[in-house]
Amino acid sequence: MSTILPITLTLASPSAIDTQTHMLFSILLTLLLFFKTNSISFGRQVKHWITFNEPLSFCYLGYGTGVNAPGRCSNRSICPEGNSTTEPYICAHNVLKSHALTVALYRSKYQQEQGGVIGITLDAMWSVPLTDSPAGMIIQLIRKYCLLHA
């Protein structure tokens, strides 16, 4: 299994994305070149490709709460800069766009010859109430909400 995670894709600041479209385009081209090089070099051995591993961990936790890299958020007691209301969505948008381009490249140029598959790894919070009572279900929902919004 191989994971392709271009850190520079998420490090582009929102102002750079808004004002310098060529920068984002350059990052996407770099990702595609990186993937093409890996497909050519390792395609016979690697049959399961992952474009991104758990984007929630770096989009929401990196740009929403600031607890993970790059440490951007709206809370100035935690982060020196960032906007938690827009940046996680910009990050997710760029992840999905680059994932789609990478999948299209792999499927059109390499998949038939190499016989592999490509996807994205998403994380999810699974929870089960301790009891089937309405109170147990409400408590579990509160716990889940607190974990996501802590």
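This is a predicted model: local features need pLDDT of at least 70, side-chain atom pairs count only at pLDDT 80 or more; totals for chains, interfaces and linings use all residues.

**Entry 1**

I looked up D123 and found it in the loop between β3 (117-121) and α7 (134-148). Helices (H or I, at least four residues) and strands (E, at least two) are DSSP runs, numbered from the N terminus. Residues are numbered from 1 along each chain as its sequence is written, and side-chain values use heavy atoms, with hydrogens and water left out.

D123 comes out partly exposed, at a relative accessible area of 29%. My cut-offs: buried is under 20% relative accessible area, exposed is over 50%, and partly exposed is in between (1.4 Å probe, protein chains only). What does D123 touch, leaving aside its neighbours within four places in sequence? I get E54, L56 and S57, with contact meaning heavy atoms within 4.5 Å. The C-alpha atoms of D123 and E54 are separated by 5.3 Å, though the two residues are 69 apart along the chain.

**Entry 2: cysteines**

I counted 2 disulfides, taking a disulfide as a pair of cysteine sulfur atoms within 2.5 Å. One joins C59 to C91, S to S 2.2 Å, and is left-handed with -70° about the S-S bond. C59 sits in helix α4 (residues 55-63) and C91 in helix α5 (residues 87-109), so this pair ties together parts that are 32 residues apart in sequence. C59 is buried at 5%, and C91 is buried at 4%.

The other disulfide joins C73 to C79, also listed at S to S 2.2 Å. With 100° about the S-S bond, the C73 and C79 link is right-handed. C73 is buried at 1% and C79 is buried at 0%. Counting bonded cysteines along the chain, I wrote the pattern down as 1-4, 2-3.

**Entry 3: charged pairs**

How many salt bridges does a search of the whole structure find? It finds 2, where a salt bridge is a side-chain nitrogen of Lys or Arg within 4 Å of a carboxyl oxygen of Asp or Glu. R72 pairs with E81 at 3.1 Å, N to O. E81 is partly exposed at 46%, and R72 is buried at 15%.

R72 also meets E87, at 2.6 Å, N to O. E87 lies in helix α5 and R72 in the loop between α4 and α5, so they tie together parts that are 15 residues apart in sequence. I noted both E87 and R72 as buried. R72, E81 and E87 go down as a network of salt bridges.
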